[in-house]
Amino acid sequence: LDSGGKRIISVSASDKKTEVLGGEALGEPKNMALYSARFFILNNEGIVETSKKTAAKVVIERDEEWQEIIRIAAFGGNLYLLDRGENQIWRYPGTEAGFGTRQSWLGSGVTPDFSKISDFAIDGSIWLLSQSGNMAKFTRGSPDAFKIAGLDGTFSNPAAIYTDEELDSIFILDRGNNRLVEVAKDGEYQKQYLWSGLAEGKDMVVSKTVGKIFLLTQDKILEIPLK
């Protein structure tokens, strides 16, 4: 997502073929989620959906209950919004007509502190990364025990977290230590990727099918083979 250029740039992982989507219909884009070739863009008006075959349209209008939406994600046909201001994860269930009404994904009585959360990832459970380097796991709307074991040192200025239902691990972009850290979903440290250029990383995607990590910097997409 090129927020300044109001466009989505799609790059093929196999042949580097590039396509550009978007324009003024994206509004002022802030964040993006992808699900089954559908792009969902968070902007000042709400959430816009587009694809390589369809024009952009608003599918969820901005809600007065939203306070500080910092990330959106798509999983299982549903949309999830991380609202740091409300310490909440909003869920919009997918329907045949689009999306249903806003729901709190967190269980009754669950009152977490999301004020320092910087990123999240979904594989059925929701994994949250804080600016301090702490991680938390929530399953079915409630906290789920998770602790990293065997990590070399602590995280410093972590920027992004990634996992999905096909991966057995969680990946954390640890910019302050110039590394990518791989941790099993039971918390056991697996390995790390060290390189000075990782300090420039902004976000990432990990593909088990392609066998690569794709790292986004300010002006490049870098690929790192999975070990």
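Two strands count as paired if DSSP finds at least two bridges between them. Strands themselves are DSSP runs of E with at least two residues, numbered from the N terminus. The model toured here is predicted: local features need pLDDT of at least 70, side-chain atom pairs count only at pLDDT 80 or more, and totals for chains, interfaces and linings use all residues. Residues are numbered from 1 along each chain as its sequence is written, and side-chain values use heavy atoms, with hydrogens and water left out.

Select β5 and β6, two strands that run antiparallel and are joined by 4 bridges. A hairpin of 6 residues leads from β5 to β6. Within this pair, glutamate 49 stands opposite lysine 57 in β6.

Now select β4 (residues 38-43) together with β5 (residues 46-50), an antiparallel pair held by 5 bridges. Phenylalanine 40 has glutamate 49 in β5 as its bridge partner.

A salt bridge here is a side-chain nitrogen of Lys or Arg within 4 Å of a carboxyl oxygen of Asp or Glu. Glutamate 49 belongs to strand β5 and arginine 38 to strand β4, so the pair ties together parts that are 11 residues apart in sequence. Is glutamate 49 buried or exposed? Glutamate 49 is buried, with a relative accessible area of 12%, whereas arginine 38 counts as partly exposed at 27%. Buried means under 20% relative accessible area, exposed over 50%, and partly exposed in between, with a 1.4 Å probe and protein chains only.

The structure holds 17 salt bridges. Among them is the one between lysine 16 and glutamate 223, whose closest N and O atoms are 3.8 Å apart. This pair links distant parts of the chain, 207 residues apart: lysine 16 is in the loop between β1 (7-11) and β2 (18-22), and glutamate 223 is in strand β23 (residues 221-225). Lysine 16 is partly exposed at 46% relative accessible area, and glutamate 223 is partly exposed at 37%.

Select arginine 102 and aspartate 63, whose side chains form a salt bridge of 3.0 Å, N to O. Arginine 102 lies in the loop between β11 (98-99) and β12 (103-104), and aspartate 63 in the loop between β6 and β7 (69-75), so the pair ties together parts that are 39 residues apart in sequence. Arginine 102 is partly exposed at 29% relative accessibility, while aspartate 63 is buried at 18%.

Finally, select Lys6, Glu24 and Glu28, which are linked in a network of salt bridges.

Another open sheet has 4 strands in the order β13-β14-β15-β16, with antiparallel pairing. The edge strands are β13 (117-122) and β16 (142-144), each with a single partner strand, so one side of each is left without a neighbour in the sheet. Neighbouring strands of this sheet are turned by 35° against each other on average, direction ignored.

Select β14 (residues 126-130) and β15 (residues 135-139), which run antiparallel and are joined by 4 bridges. Which residue of β15 is the bridge partner of leucine 128? The partner of leucine 128 is alanine 136.

Strand β19 (residues 179-184) pairs with strand β20 (residues 189-194) in the antiparallel sense over 5 bridges. Valine 183 stands opposite tyrosine 189 in β20. The hairpin has 4 residues between the strands, and glycine 187 takes a positive phi near 100° there.

Terms used
Axes fitted to C-alpha atoms, helices over the stretch in contact; angles between N-to-C directions.
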